[in-house]
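Here is a friendly briefing to read alongside the coordinates.

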Amino acid sequence: MRFMFKTDYEDDIKLFPHGGYIVTYGILLAFLAVAPFVLSSYLVSQMVFVFIYATVGVGLMILTGFTGQASLGHAAFLAIGAYTAAYLQQYNVPFPVYFLVAGVLTGVVGAMVGFPALRLQGIYLVIATISFAFIIEEILARWESVTHGNEGMRVKALQFLGTTVSRDSPSFYFLCLAVLALTIVGTLNLLRSPTGRAFVAIRDSETAARSMGVNVSLYKVKSFAISAAITGFAGVLFAHKLSFISPEMFTLQLSIEFIIVILIGGAFSPHGAVLGAIFIVMIDPFLTYLKDDVPGMIAAVAAAFGAGAEMAAKIQSNVAAFASANGLKGAIYGVIIVLFVLFEPLGLYGRWLKIKLFFQLFPLYKRATFKRQKIYVKSERNR
Amino acid sequence: MSYFRAENLSLHFGGLKAVDAVSFAVEKGEILSIIGPNGAGKSSIFNLVSRIYNPTSGRIFFEDQDVTEEPAFGIAKLGIARTFQNIELFENATVLSNLLVGRHRHSTTQLWQEILFLPSVRANEKIHRRRVEQVIEFLDLEPYRDKLISGLPYGVRKVIELARALCTEPKLILLDEPSSGLNVEETDDMSFWIRDMKTELGITVLMVEHDMTLVNRVSDRVIALNYGKVLAMGSPAEVQRHPDVVAAYLGA
């Protein structure tokens, strides 16, 4: 058990409360630094997707986790970032410029969505953001002179300082890692300054926030803008990683995946965004694995329990048909969300904190320690 | 001119006159209590002052500035802070960050400076932190600094709400039933703190309260309301002897 002796107000402000953090994050950083050179190219590619999803997750967390404004429109923000990059790239605009323009433009669009959203709460806000996402999707499909419509757009490899950074190169990996790291540090900085505290205040009680002098409308718009801008930056990386973008990539399904990232990771800390991103990126290969191998395994088990060869083959084909049924992925997402909301509203990171506390307090841990501390995204109360 | 005054303040919900042409004044450095039976319009007056409701008619002045022209979030900037009858704390944040939100009106840094956490932001944060620590010391909240509000007992939350209001460094503080839900000992503490706020911090106090012991102990003047109208105004003893007040409470 570690006891913290604080002797300076600085102790409450600094990002790493004690030396242990520097050691753990140092080891993590060292691992991430060598990973692209030792891991298989498939895993490295998956890690790049983790970084991009985690960046979006942190952006969404600022809006939903900290300001309490739910959004199912973040796929649209990602699309705006991606299409801005693809469009500007055609005119040989250098990477740093279109990267910044994409982020700023998405931020401005986010603020514009934020204004009408000021009057909406809870489920109505969700509906408004969904409709925004549909509008953007439709614009991308119809505005052919700019977006090439449903044909989609090819995104050339990233050019930076005269060198070509291919989407599978270690340099691109480090670029995505750097964007994620800067996003997280910026978010943590925000959270320990007045703006971040105002966001949290709005989430928990708008009435009280107002009476403390927080301009609730202004801060909601700010939150929308910051959240959208981060997603826009991630969109540029997303476009480069996929090297081809089309409207049907930025659907409601993707927005739901982003919600899952923060819901399953834990919506109260950037750790959660990273854990959630790992989850969402790895679930696809996992499901593919299940689809390929599980029917055979079940058939083998059935055979071992005395089912005839014909019966086993029938079971195998039935299970395989079920596993490749349309919409199974959506159903699995749904089940996972329900289970997490019911049993672990704090997400994977919350679970990790509990495990950590269990060992810190061993053998004095009480199950009731976390009884009262369920965190909900409150948005219906106190308008 | 009075320090704070309400002129002909009315708040009507359809035919219901929650507040009906109420006028009163608070002098600088005074503790004024508003008493009255349930539904007399006490909390409505507070909600009018903190701009949660728009008055049907009438105006409110603080230091000769028209409060009714300010938006709700502008009230804190004028130097008016309040607590709520049903505690309105930021449940899923620590006590420290709750109190630091109270410092919001004193923050001067820009968004981009905060994202980079420039030295100016750091310096400001330390100033905020020091001010918050002074309030923590004033209200004996030392054991709770890093606790989440959601895990704290009611009595402590009540004090934290008072602390958050004090963190704004108000000139006028509105206390909505500061002793409701507190036990005898906690109510005693509360009465000392309200006195200290006046004598040590020089804050003017406007208070809604049901506990007459507390009212008698701390108030300089008392206003009695019923059905949105002022029944009596004066020293605590005078008001309690006033026949209309006796009638309102005992139904005689």
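The crossing of α5(A) and α11(A) is right-handed. In this predicted model, helix α5 (residues 95-117) of chain A meets helix α11 (residues 216-242) of chain A at an angle of about 145 degrees, and their axes are 7 Å apart. Sorted by class, the residues in this contact are 16 nonpolar, nine polar and one charged.

**A residue of α11(A)**

- L242(A) belongs to helix α11 of chain A.
- Is L242(A) buried, exposed or partly exposed? It counts as partly exposed because 16 C-beta neighbours lie inside 10 Å, and a buried residue needs 20 or more.
- Although L242(A) and F49(A) are 193 residues apart in sequence, their C-alpha atoms are 9.8 Å apart in space.

**Helix α12(A) against helix α13(A)**

- Helix α12 (residues 252-265) and helix α13 (residues 270-304), both of chain A, pack at an angle of about 120 degrees, with 7 Å between their axes.
- That angle makes α12(A) oblique to α13(A), because roughly perpendicular covers 65 to 115 degrees and roughly antiparallel starts over 145.
- The hand of the crossing between α12(A) and α13(A) is right-handed.
- On the α12(A) side, the residues that meet α13(A) are E257(A), I260(A), V261(A), I262(A), I264(A) and G265(A). Their partners in α13(A) include G272(A), A273(A), V274(A) and L275(A), and also G276(A), A277(A), F279(A) and I280(A).
- By class, ten nonpolar, three polar and one charged residues make up the contact of α12(A) with α13(A).

- α12(A) is mostly covered, with ten of its 14 residues buried. Among them are S255(A), E257(A), F258(A) and I259(A), as well as L263(A) and G265(A).
- The cover over the buried residues of α12(A) includes α3 (41-66), α4 (74-89), α6 (122-142), α13, α15 (328-343) and α16 (347-361) of chain A.
- Just after α12(A) comes G266(A), which takes a positive phi of about 120 degrees.
- α4(A), with 16 residues, reaches 23 Å from its first C-alpha to its last, close to the 22 Å expected at 1.5 Å a residue. α4(A) is mostly covered too: 14 of its 16 residues are buried.

**Where chain A touches chain B**

- Chain A gives 28 residues to the contact between the chains, and chain B gives 39 residues.
- On the side of chain A that touches chain B, two or more residues come from each of α1 (10-13), α8 (170-191), α9 (194-204), α10 (206-211) and α11 of chain A.
- Which element gives the most to that side of chain A? It is α9(A), with seven residues.
- The residues on this side of chain A are twelve nonpolar, ten polar and six charged.

**A residue of α9(A)**

- A198(A) has its place in helix α9 of chain A and counts as buried because 26 C-beta neighbours lie inside 10 Å.
- Leaving aside neighbours within four places in sequence, A198(A) is in contact with A209(A), V214(A) and Y219(A), and with V101(B) and H104(B) of the other chain.
- A198(A) and N215(A) are 17 residues apart along the chain, and their C-alpha atoms are separated by 8.8 Å.

**Positive phi in chain B**

- Most residues other than glycine have a negative phi, which gives the next two residues their interest.
- D140(B) is not a glycine, yet has a positive phi of about 55 degrees. D140(B) sits in the loop between α5 and α6 of chain B and counts as exposed because 12 C-beta neighbours lie inside 10 Å.
- E177(B), also not a glycine, has a positive phi of about 50 degrees. E177(B) lies in the loop between β7 (172-176) and α7 (184-199) of chain B; with 21 C-beta neighbours inside 10 Å, E177(B) counts as buried.

How values were computed:
Residues are numbered from 1 along each chain as its sequence is written. Chains are lettered from A and ligands numbered from 1 in the order in which they are written. This is a predicted model: local features need pLDDT of at least 70, side-chain atom pairs count only at pLDDT 80 or more; totals for chains, interfaces and linings use all residues. Axes are lines fitted to C-alpha atoms, for helices over the stretch in contact, and angles run from 0 to 180 degrees between N-to-C directions. Helices (H or I, at least four residues) and strands (E, at least two) are DSSP runs, numbered from the N terminus. A crossing is left-handed if the near helix is turned anticlockwise from the far one by less than a right angle, and right-handed if clockwise. Ala, Val, Leu, Ile, Met, Phe, Trp, Tyr, Cys and Pro count as nonpolar, Asp, Glu, Lys and Arg as charged, and the others, Gly among them, as polar. Two residues are in contact if their C-beta atoms, placed from the backbone, lie within 7 Å. Angles under 35 degrees count as roughly parallel, over 145 as roughly antiparallel, 65 to 115 as roughly perpendicular and the rest as oblique. The expected span of a helix is 1.5 Å times one less than its number of residues.
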